[in-house]
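Please take a look at the model shown here. The text below walks through it piece by piece.

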Amino acid sequence: MREVPAQPVEAGPGQGRALGHVVPLRVLLGVWAALVALTVVTIAATRVDLGGLNLWVALGIATVKAAMVALYFMHLRYDHPLNAIVFIAALLFVAVFVGIVMLDAEAYQPTIREYQHQTVTPGR
Amino acid sequence: MKGEAMLPAVRSAAAPADTAHPGAPRVAHHFATPVQQFESAQLGMWLFLATEVLLFGGLFCAYAVYRAAHPEVFIYAHRFLDARLGALNTVVLVSSSLTMAWAVRCAQTGRQRGLVGLLAATLLFAAAFLAVKYVEYESKWRHGLLWGRYYHPAHGHPAGDASGQAGTGQAGQEPANASAPGDERPMAAGPNQSPATIAAGAGPPSRGGPVTLGGAAGPGATPPAEATRIAASAAGPRGLAWHLRRPDSGRHDEPRNVQIFFAVYFLMTGLHGLHVMAGMAVIAWLLVRSIRGHFGPGYFAPVDLAGLYWHVVDVIWIFLFPLLYLIHG
């Protein structure tokens with residue numbers, strides 16, 4: 001079939017907008033190349049000792065990769081902003097969930113350590 | 001075509017008879033325009049993806065809690081995962097995302113052959129991902145690296161003096177296993193040790209007292225490079241790593257509760273794997289429909305929405321890979 005651009009359709013909600021957005025092929029290929037490159041970078045970064053930063057570097061790289069997938073492969077960048085709002089809201093809720101659970105879990109760690117020191121016999 | 005679009009047409013899924021007009025927009029009666037219908041479908045899909053994010057969010061939360069509470073377990077156990085296989089699977093899944101996004105583009109631009117070919121390629125990449133995952137799971141299963149009370153590492157028991165003979169026997173078998181193609185070896189960035197050395201602490205004599213943490217961590221001892229990677233746990237509260245050793249493991253370097261890591265690993269990768277399978281089913285269905293010519297510039301919502309789902313599966317793996325395979329320690 002010949003290439004037909006997605007055409008804007010008639011009056012009504014969504015008028016003047018095209019049916020989806022056709023992401024240029026070189027953008028898709030570029031994003032793929034960047035994702036593969038970042039995979040190599042994240043493996044290389046593991047071998048550098050950054051102390052406690054290693055985890056955050058790895059998470060940062062993963063977040064950049066995820067953002068590229070969402071913005072271009074999932075064409076979130078070109079979509080109605082409501083889609084992005086829904087997605088970002090879900091991420092925020094996960095952040096709140098994990099964050100508060102972590103605060104709670106950290107709060108009783110000293111108690112657990114104390115209990116372990118009392119109950120685990122040294123030398124066993 | 002545009003005239004048809006305004007008619008209250010038959011619903012898409014129930015209209016395979018529409019092949020006479022491939023790609024003709026079909027609008028359900030409660031939508032005014034194809035764009036409204038398409039954007040509503042997209043919003044619905046994004047809502048579903050939000051629930052997926054929350055579903056995996058629970059598991060990421062479990063990961064965070066256990067990793068914060070037992071860093072030594074994660075540092076110790078992640079080396080039983082093969083980062084090369086993990087990296088391979090990352091590239092495979094990222095490539096499948098590319099072919100999926102490209103397939104959507106082909107549907108949008110009316111390239112029938114491209115659509116069919118790229119959907120098939122996506123399906124093949126997904127199958128390759130599961131094949132690699134099978135190799136990894138099989139290796140875990142064989143070595144008893146499982147969750148909860150099923151965690152019984154095969155090399156752990158023979159390390160005692162009485163069964164030392166059996167221990168060397170097992171360790172002797174190990175190189176044969178390790179050299180088998182596709183076999184999984186723990187990733188060790190530094191001087192590579194055989195799986196047996198790490199797992200059993202009963203490696204070839206040339207290695208000389210492999211990962212004996214107890215000795216290496218002693219005052220004044222200069223630990224070998226490999227051991228320092230494990231010893232990070234000793235930096236925690238005094239004596240933590242050594243206090244919490246599994247009493248029956250017979251290994252000097254193994255922290256307690258290693259099964260937690262494998263429970264987290266199998267839950268996260270297992271749920272992700274189920275999502276890959278579900279995605280494959282959907283893509284196979286799309287493949288059949290695309291061969292029948294159901295999709296075109298005016299109607300490609302199913303391809304697009306399945307693509308969104310597939311990319312979320314990819315995004316989740318993008319986080320799983322560094323969190324499980326690339327722990328620095």
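**From a tryptophan to the interface**

Trp56(A) counts as exposed, because its relative accessibility is 56%. Exposed means over 50% relative accessible area, buried under 20%, and partly exposed in between (1.4 Å probe, protein chains only). This is a predicted model, in which local features need pLDDT of at least 70 and side-chain atom pairs count only at pLDDT 80 or more, while totals for chains, interfaces and linings use all residues. Residues are numbered from 1 along each chain as its sequence is written, chains are lettered from A and ligands numbered from 1 in the order in which they are written, and side-chain values use heavy atoms, with hydrogens and water left out.

Trp56(A) sits in helix 2 (residues 53–73) of chain A. Helices (H or I, at least four residues) and strands (E, at least two) are DSSP runs, numbered from the N terminus. Trp56(A) also belongs to a nonpolar surface patch with Val48(A), Leu50(A) and Leu53(A). Together the four have about 410 Å² of accessible area. Such patches take residues with over 30% relative accessible area and no salt bridge; like charges are joined within 9 Å, nonpolar side chains (Val, Leu, Ile, Met, Phe, Trp, Tyr) within 5 Å. Accessible areas come from the Shrake-Rupley method with a 1.4 Å probe, and for residues only the protein chains shown count as cover.

Now turn to the chain as a whole. Chain A has four helices and zero strands. Its elements run α-α-α-α from the N terminus on. Of its 124 residues, 33% are buried. Its accessible surface is about 7200 Å², with 71% belonging to carbon and sulfur atoms.

Which residues does Thr42(A) touch, beyond its neighbours within four places in sequence? They are Ala58(A) and Ile61(A) in chain A, and Phe321(B), Pro322(B) and Leu326(B) in chain B. Contact here means heavy atoms within 4.5 Å. Thr42(A) lies in helix 1 (residues 25–46) of chain A. It counts as buried because its relative accessibility is 4%.

Those contacts lead to the interface. Chain A brings 71 residues to it and chain B brings 68. The size of an interface is often given as the accessible area lost when the parts come together. Between chain A and chain B about 6200 Å² is buried, and carbon and sulfur atoms give 72% of this. Buried area is the accessible area (1.4 Å probe) that two parts lose on being put together, summed over both. Helix 1, helix 2, helix 3 (81–107) and helix 4 (109–119) of chain A each supply at least two residues of the side that touches chain B. Helix 3 gives the most, with 14 residues.

Zero salt bridges are counted between chain A and chain B. A salt bridge is a side-chain nitrogen of Lys or Arg within 4 Å of a carboxyl oxygen of Asp or Glu. Over all chains the count is three.

In chain B, Asp82(B) and Arg84(B) form a salt bridge at 3.1 Å, N to O. Asp82(B) is buried, with a relative accessible area of 3%. Arg84(B) is exposed, at 56%. Lys133(B) and Glu136(B) form another, at 3.2 Å, N to O. Both are buried. They are about one helical turn apart, because they lie three residues apart in helix 5 (residues 112–142) of chain B. Glu138(B) bridges to Arg142(B), with the closest N and O atoms 3.4 Å apart.
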